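Colleague: I would like to learn how to read helices and sheets in a model. Please walk me through one.

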Amino acid sequence: CLMFFSILYWFKERLRDAWLWPLNLVRDFPARSGRLLNTLLVGGKAALYAPLFLGEAVWLGQLRRQVRHAARQTGIWLHLCLVQLFDLVGGPEICQFVMHLGMHTTPLTAAEMTAVQPIFGPHNLRYHDVRIAQGGILHLIFRYNGGLAFATWYTIHLPVKRDGEEGTAVSSRQNLPLLVHELTHVFQYHHVGSRYLGEAIYYLITTNRNCYQYGGPDYLRACYQQGKRFRHFNREQQAQIIQDYFTQHRQSQDTAAYEPFLVQLRQQEL
C-alpha cells in the first residue's frame with residue numbers, strides 16, 4: 001500500500017513538471033523575451049561602435065589589449081544569448097522534467113517557507129514551485145562532486161550523508177542555512193534567468209571551489225561605504241552572504257553589515 005501511494009505521488013509530481021513547461025512559456029514570456037531583446041540590443045550597439053574603439057586602440061598602441069577585451073566581452077554576450085534563448089523556449093522546464101524522472105522530489109514544507117520568506121520577501125519567489133530533490137541518481141552525482149549541494153533552476157539537490165559515529169543516514173535538509181544558500185540560487189534564476197548557472201559554474205571551476213569567501217562582515221561594511229553593490233559579488237558569494245546573514249540572525253548576532261545587501265537582494269539587484 002505504501003509503495004502504491006509512493007508511485008502515485010511520483011506520477012503526480014511528473015505531471016506537475018510536464019504542466020510547468022507550457023505554463024511558464026506563457027507567464028514568463030515577458031521577462032524572458034525582454035532579457036533576450038536587451039542583450040541583442042547591447043550586442044548591436046557594441047558592434048556599431050567596434051570600429052571606433054579599434055581605431056582608437058591602434059592610435060594609442062593598445063590594439064592587442066583591446067582585441068582581448070573585445071573577445072572576452074563577445075564570449076560573455078554569446079553566453080547570454082544562448083542561455084536566454086534556452087529560457088525562452090522553456091529549456092529549464094524540459095530539463096527539470098527529465099532530471100526529476102530519476103530522483104525523489106518534494107515541495108518546501110510550511111516550516112521551511114516560514115523560515116525563508118522573511119529573507120527573500122513574500123512575493124519575490126514562487127515558493128510553491130520550488131522542489132527539493134534527493135535520492136535516485138543523485139547518490140551517484142554526490143559521490144563524484146564530494147557531496148556538494150546545488151540548485152538547478154527551481155530544484156534544490158541535497159545529499160544524504162552518513163553520521164560519522166552512528167553510521168545512520170542524515171538528510172542535509174535539516175540544514176536550514178544550506179537551504180537558504182541554495183534558495184538564493186533559485187532566486188538568482190527567477191530574476192536573471194539561466195545565466196546564473198553558467199556564472200556560478202565558471203567561478204567554481206576557475207577558483208577551484210574557492211569562490212565562496214567574501215571577506216566577512218568587516219569587509220561588507222567597507223564595501224558598502226565604498227559603494228560596492230550586491231550585484232558586484234559573484235553568484236556563490238551572493239549565496240554565502242545570505243546564508244551567513246540567516247545563520248547570524250537566528251543566533252541573535254549583529255547583522256547590520258549584511259542588511260544593506262539583503263535589501264538589494266530583495267530589490268533584485270543581481
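Modeller: Start with helix H8, residues 195-206. It has 12 residues and reaches 17 Å from its first C-alpha to its last, close to the 16 Å expected at 1.5 Å a residue. That expected span is 1.5 Å times one less than the number of residues. Helices (H or I, at least four residues) and strands (E, at least two) are DSSP runs, numbered from the N terminus. This is a predicted model: local features need pLDDT of at least 70, side-chain atom pairs count only at pLDDT 80 or more, and totals for chains, interfaces and linings use all residues. Residues are numbered from 1 along each chain as its sequence is written, and side-chain values use heavy atoms, leaving out hydrogens and water.

Colleague: Which residues of H8 are buried?

Modeller: Tyr-196, Glu-199, Ala-200 and Leu-204. Buried means under 20% relative accessible area (1.4 Å probe, protein chains only).

Colleague: Why are they on the same side of H8?

Modeller: They cover an arc of only 135° around the axis, which puts them on the same side of H8. The arc is taken from the directions from the helix axis to the C-beta atoms. In general, an α-helix has 3.6 residues a turn, so residues three or four places apart point the same way.

Colleague: What covers the buried residues of H8?

Modeller: The cover includes helices H3 (63-88), H7 (176-192) and H10 (235-250), plus strand E3 (150-152). Contact here means heavy atoms within 4.5 Å.

Colleague: Now the sheet. What is the order of its strands?

Modeller: Strands of a sheet pair through backbone hydrogen bonds, either parallel or antiparallel. Here an open sheet of four strands has the order E1-E2-E4-E3, with mixed pairing. Strand E1 (104-107) and E3 stand at the edges with a single partner strand each, so one side of each lacks a neighbour in the sheet. Two strands pair if DSSP finds at least two bridges between them.

Colleague: How many bridges join E1 to E2?

Modeller: Four, and these strands run antiparallel. Thr-106 stands opposite Ile-132 in E2. By contrast, E2 (131-134) and E4 (155-157) pair in the parallel sense over three bridges. There, Ala-133 has His-157 of E4 as its bridge partner.

How values were computed. Buried means under 20% relative accessible area, exposed over 50%, partly exposed in between (1.4 Å probe, protein chains only).
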